Every structure is written in C-alpha cells, then in structure tokens.
Amino acid sequence: MSAATKASAGRADVLLEVSHDLPLVSLTVATRNGGMFDPPGKEGLTRLCARLMRRTGGGRDPQELDTRVDSIGASVGADVAQSVTLFQGTVIRRSLDAFVEIACDIIGRPGLAEVEFERLRREVLAELVESLDDDRGLARRWFRRKMFEGHPYGRALSGTATSLSAISLDDVRERARALASSEPLFAFSGDIERAEAEALSDRVLGVFSDSKPLSDPTPEPTMAPGRRLVIVDKPERTQTQILIGGLGTHAHDPDHTALLVGNTIFGGTFTARLTDEVRSKRGWSYGAYSSLPFDRRRQAFSMWTFPKADDAAACIELELGMLQALREKGVTKKELTAAKRYLTRSHAFAIDTASKRVGLELEGRLYDLPPGYHAEYTKRVAAVTLDEVNQALQARLPEKELLIVVVGTASEIRSAIEAKIPDLGSTEVVPHDAEA
Amino acid sequence: MPTPPWLSKLNEKAKPYGKLTALEPVAFGPNLRVERYRLENGLEILFCPDRSAPVIAYHTWFRVGSRHEREGKTGLAHLFEHLMFNELEGRKAGEFDRLLEEAGAESNASTWLDWTQYNISIPKDRLSLVVGLEAERMQKLVLREPQVVSEKEVVANERRYRVDDDIEGSVSELLWSTAFTRHAYKAPTIGWMPDIQGFTTEDCAEFYKTFYAPNNAVLVVVGDVGSSRLLELISRAYGDIPPSQLPLEDVHPEPAQLEQRVKEVEKPTPTEKVTIGFHSPAFGDWDHPILSLLIEVLFGGRASRLHKRLVRDLEIASEVRSFVGPFKDPGLVELFLSAREGHKAEELVKVLDEELERVKEEPIEPEEIERARARFELGLLAGLETMDGKASTLGFHETLLGRPGAAFDRLDAIRLADASELRRVARRYFGLNTRSIVYVRSQAPAASGEAS
C-alpha cells in the first residue's frame, strides 16, 4: 500500500492508487467550484447544472446515455457540495475507454437542451416536495440554514421552489462553461496503471477550456448571538429529531486535532459519553452522536439525537448539561488514552481500499488541508496532550451562541423544551413545508 | 479432503470441541478461494485469505431470525442482537465495546427474517482479541433486568424512527402483514410495539440458550492472516463450547394468495404513494435470479422501463423502486411508487399494470437484458471492494444456501437468462389478482396551533 501519487501528465493533475484485486476502475474529476458560487436568489443552480450535464453528455438523449452507462457496466454521478463539484464513476475494467469517452461528453460536450432542462427542473421540484417526508433531512436543512444564515454555507444546495423557478437555461449554460473552465483534479483508483491513467486524464483535460485555479472568496462564518430554538413543526410526530450546535473547527486551527480527539470522547463512538448517557443508560434515543466536519472555512459542531416526543425536553436538558460539563471540566486521562488508541488504530479502515486512499488525497487538495493532513494524522493524534484537548474544548465548544433545531409537533413539545434551555434568547416555529 | 499436517498437529492438543475438520475449499469468483473447516461442536468456519490491506473482517452468522418467533413475542431476535453488546461474565458492562474500540475495531450487527449477523473489522494485529470476545459472547453473555429494560426502550425508539414516523417503513410493514397470513414473515423483524415492550429477561435468556450455539453459527473471516494461526485461535477460543440441541423449526408455509388484497392509510405527506407486493420465489429457487433480472429491466436505474414512463415521460411519479426479497422461504417482490403532487396513486398503478402485462406478452429486447446484466455484475463487484463486503457476501450465501460462493453462481444464472425465461417468470409471478396493495393518502394538514 502506498500513498496516492501525483503524476505529471501534460497539464493534468492526476492522483492515482493502484489495486488489481478487482476488475474495477474508479475516476473522479473534481473542481473547487461548488454550490456556494450560486448567485443569490438562484440557489440550486450548480446542482441543477451538474445533473443536466450528467444527463445530456455528448448531446445525447438522457435515456440513451443512461442505457449506455448501464450497458458498459458503469455508474456515473454528479455530486455538488458547497465548495466542490465532483463528476465520478466506476466501471468494469473492460469498458474503461468507453467510460472515459462518456466523461468527456458529460463535462465538455453536454447538450443542455431546453426540453431536458425544464423536465429536470420539474423533477427537482418534485424531489423537494418528497423530501418533506424525511424528518432527519428536515432537521439538517434547517440547522444549516439557521446556523449559517446570510453566509454561503447556509444556502440550499438543491435550491428552493422560488430559487429554482428563477433559474434560466442561459444561467445553466453559463454555469456549465464555468465548471468546464475550472482547474480540474483527476483521481483514479483500481485496476489501472499510471501511464494509462495519465493518458486518459489528458483526454478528459482536453475538454476543459482555459482551465484556471479558482480562488475561494468565502468569508469566515460568524454565529448569530444568543441561544436560539427553532422548532420545525410537523404533525403527528411520535418522535423528534434534534440537532444542537454552534461553530466548530477549521483544519488550520492549531487546536484542530485536539478538538477532534475531544469530540471522539464526547460523541464520536458507540462508547462515547453521549451514547452512554442518552442511549445506554436511559434508552432515550437509538443514536446519539456529535460531529465536527470541515470545509475550507469553519464548519459547525453539532449533537444529534432522536428521542420520542415525551423525552425531547429532558434529552435536550441532558445534552446541554453534558456540553457544559465537557467545556468546564474537560475529559480524563483515561478517556484520552482510549480515544487516541481508537483513532490511531481505526485509521486502518480509512485507507484499506485504493478508492479510500485516493479519496483522502483528493480531499486534502480540494479543501486546502494542511500538508500531510491525512498522511500524518495518526502521529498528530498520538501527540495530543490532555491539556491541549481540554483547552480546545473550552475555547471552541459553543456556549452562549447556540442553535437548537427540533423537528416535531410544536404544540406538544414547545413549552417543555423552552423550560429546559437556560438563557434561551428566542424561539421560532416554522412550518415543516416552508422553504429552507 | 486429507488433513494437512499442521492441522493434524493442531488437533492433537485441541480442547474437547476444538478439533477441526478441513472441508473442500470453494472458489469465490475468478480470483479468490475460500477455505472451509468445521469444529467438533459444529461451528462452521469460512476463511478467505486477502492481503490487500492489514485488516481482517470477522463475521458471525447465526441461523436465527424473526422467522423463529411466535405471536406475542415478535422482535425478540432483533432485541437480542442489541443485548449481545452488553455484559459478559467476568467483565464489566460495556467492556466488550470499549475493548474493541481501543483496538481500533469497527463493529455492528443486523437481524432479518432468516438470520442474525455480527460483524467486526479489526487491524490484523488485534485478531486474537476479537476471536476471544466473540467466543465469550457465544456462551457467557450476562442478561440483567436493568439492561433489558433500557434496551427495550432503545428498540422502541428505533421502531419509532424506522417505522412509526417513517412512511415507507410503516407501509412496508403493513404490506407484509397483509400479504402473509400464516407464515412467520407476516411479522416485522423489529417486532410489534406491544411485544417489544412486553419482553422479560427470562424471554431473552431462553432465546440465548436455544439459538446461540456453535452448531447454529458460521464464522466468516476475510483478511491478512495465515490459516494455521487463525484456526489455532479459533480452536482454542471456541473449543470448550458444547453444541446445543436445536429445536425443529415451526414455520408454516404460506397458503396461496387467491385474491387481491388492498389497504389504505392516511399519512402526513404531501404526495400519494403506493406499495405493491407480489409473492416471489425463495432465494435458493432457480427463478429468483431471473426474477431479479426482470426487476432490474423494469425498475433498475433511470433507463429502466418504469422510471422512463412514470418519472421521465409522463412525469406523474417522483420515485419508483423495487426489489426481490432475498429470503429462505418465498417472500415478496416489493414495489414502491411515489406520485407527484396532484396525481393519484391509481394513475401510477394503471401504468405499472400496462408494463407488467407488456413483459408477459412481448419479448424483452436483448439490449435491455444486457443493460440489466451489466448492472448486476457491477453491483456484485463493487460490493466486494472491502474485506467486510466480501465477508458479508460469503456469510449471507452460506447461511441461506450453504454455498458461500453462490453470489457468482447467481451471476452465471443471470448471464444465461434469456427473453423466454424473463417472460415465463413475469407470467408466473406478476398475477394482478393475487397481489397486495397499500395506498398512502395525503392527510389533510392539521394545524398545530403554533405560529412564530
């Protein structure tokens, strides 16, 4: 096993991990051009554009292209996040050449026909309606929106009914040109050697026009003051979906690794404090976890639980108390030792396949992670001290600026929850079918 | 098969039930090989050497699932799966998980109609810990009242999450309890809520004693370890565990469904939905892979027939899905269609019926069959990327069919299936008057009385 290697191939920037275990090859063509570049009022443009490119590659009829992709034993998708757009797929080795030709068609020669644009927009609007059935998804959408209100990270990647209606075909065509002129990164893994990967990358690079590096103008997000409760009101909920959080970590923070270790102890594993108190001791929620994702700017820290409606208030009270105790008293040496062992040893499963290894390398490049972020990860974790973890928790965990989002039936849970949140600044009840 | 010298030597010093018999190895696809052994107590062992990464997948499959439950006690197999992560004799509660996490392991478990499986993936230098712990929990689980009470509440919350507050989960449950009247498949694996809340510690202890025995289990190990070291560890750890007298199964065949059964429910959802169940063959039946291929033609991906007509051309559905239940006994091929706003579920069913009648009459084009076959092949290969994926595939096929490499046999069957076979299974299984249907109607919005 070796770290992903960067190869020089014409102008293409190629990451590669070879594995001949299975006759499969995976390819990701990535750009740093994501949904946060959607113009205000036209949220959802990049995702709509990438999906339309995927459907109309080479000017084909979508049905014909999908049949072609399936028939060669391939899967191809377009994935848009706030900061990146990825065209990625996997193919049975025997069809690699045809697969790369399809990639060229999608990125460089999309048809973007008007009839398909209108059809896809109607489909996305129907998906938005359908997504109202997903309580967990609702909690996540409202948490993102309220957490990063006014910041690009708060925008709806899939758009809203209003923003999707404002998007024109010209907008999509312009966005497709922008995606195909952003500097691409190529990541190959699987049953392929370097020379072939380089040649194929150059072929795909040929469809990019004047590709240039894209700077990221996103400002650092800030948090609205006070403790805010947002109840997403949905009828007949026997259960609630709860997200509690605030601003989290940045990969360039000096205490970034220490905070990750602290979060592991708090809510990162099945034996962590949150699971122990919420699930094991009380049986209140099937899952209880906390997370600290990263992006190119500071992202959110959040705790996630889903207790029944009658337990929601008590569960929130418990979580807030645990968060306060963590911030004030920190973690113990015994907990730190266990967490470091877990993180360093389980890293084996972050790098046990070629696609995972190349994925980490790609992530480092796309998100401007510090050099050696993944390669030196276990060493950094092993070097973290108890003081560093506790200082990081004290400095970074949210206290006064806190967002609590609950999906549930407001009339049944609101007053009980409000009574359990000390220093609550505001409560907002939003209908579950409001745009988010 | 002749016993290799290293195994004979190992057997000389084995514990009472620790002697190993080597069985014929079997192929697992074109490149992999699976060694097979059996301990004296009946424990089956499958080992697939794989040195592509310094990790090991260690799975334990028990031949017990919700099919073994009786009325009033549904959900016991699943609740018990949760309890298996609690306390072991001589160890503190929670120590099992703590030890595994400190070793860097990833562990989980699942229960379905026919089986329960426990999976642990571990860095290769911590293998002995996993073998020891898994052997311990096969015989030394401690069941105490407070833990059973707490875990029942966890499972009740899991049920609220997956079923009660989830439209698809709740209508799927209703579909199965409508389509099955006699066979144990009529009850959901997670159990009915009153049953979950009614379990006693004694129920759990009895279940453990009855079903968690080496002669009711298969160990599947995939990864970077040598055969002799692995088997020495297994023989030592499991060699004291006696076999059980397993009860005869008490499963009743499902009588043929001779009429269409229709139910309706109201849910707080903006769009109508419909789920439909046709009785399908058992996983081991010759027809199962052929029917699965037909479902791929009809529902697999955006180029499939139903997606094309309902989502793309007519734009009356937002989603269409289907799968053929992979079960020991005949199950259901389950269809799920979600209507777009303003459309009735019946509109979708009308188009569906036209397409089902079409595959009963007109031969499917070779290109469509080829497309579906390629999707199958890609799906199988992609599922084998990790050691855990390989172990799951081996364990599932061994537990259900007694043939660990059968995933590739199914691929062969799919390669052989032609338009005639597809039409035959369409005619056999898509009886429009012998199916079950659950319609989901949109409930009129009830004001919560809250405003901001």
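Trainee: At what angle do helix H10 and helix H11 of chain B pack?

Mentor: An axis is a line fitted to C-alpha atoms, for helices over the stretch in contact, and angles run from 0 to 180 degrees between N-to-C directions. In this predicted model, where local features need pLDDT of at least 70, side-chain atom pairs count only at pLDDT 80 or more and totals for chains, interfaces and linings use all residues, H10(B) (residues 287-299) and H11(B) (residues 305-313) pack at about 25°, their axes 4 Å apart. Because angles under 35 degrees count as roughly parallel, H10(B) is roughly parallel to H11(B). Residues are numbered from 1 along each chain as its sequence is written, and chains are lettered from A in the order in which they are written.

Trainee: Which residues make that contact?

Mentor: Two residues are in contact if their C-beta atoms, placed from the backbone, lie within 7 Å. Here Val297(B), Leu298(B) and Phe299(B) of H10(B) meet Arg305(B), Leu306(B) and His307(B) of H11(B).

Trainee: Which residues of H12(A) are buried?

Mentor: A residue is buried if 20 or more other C-beta atoms lie within 10 Å of its own. In H12(A), the buried residues include Leu336(A), Tyr342(A) and Leu343(A). The buried residues of H12(A) pack against helices H9, H14 and H15 of chain A, together with helix H3 and strand E6 of chain B.

Trainee: How many residues does each chain bring to the contact between chains A and B?

Mentor: Chain A brings 65 residues and chain B brings 58. Helices (H or I, at least four residues) and strands (E, at least two) are DSSP runs, numbered from the N terminus. On the side of chain A that touches chain B, H4(A) gives the most, with six residues.

Terms used: Parallel < 35°, antiparallel > 145°, perpendicular 65-115°, else oblique. Buried ≥ 20, exposed ≤ 12 C-beta atoms within 10 Å, placed from the backbone.
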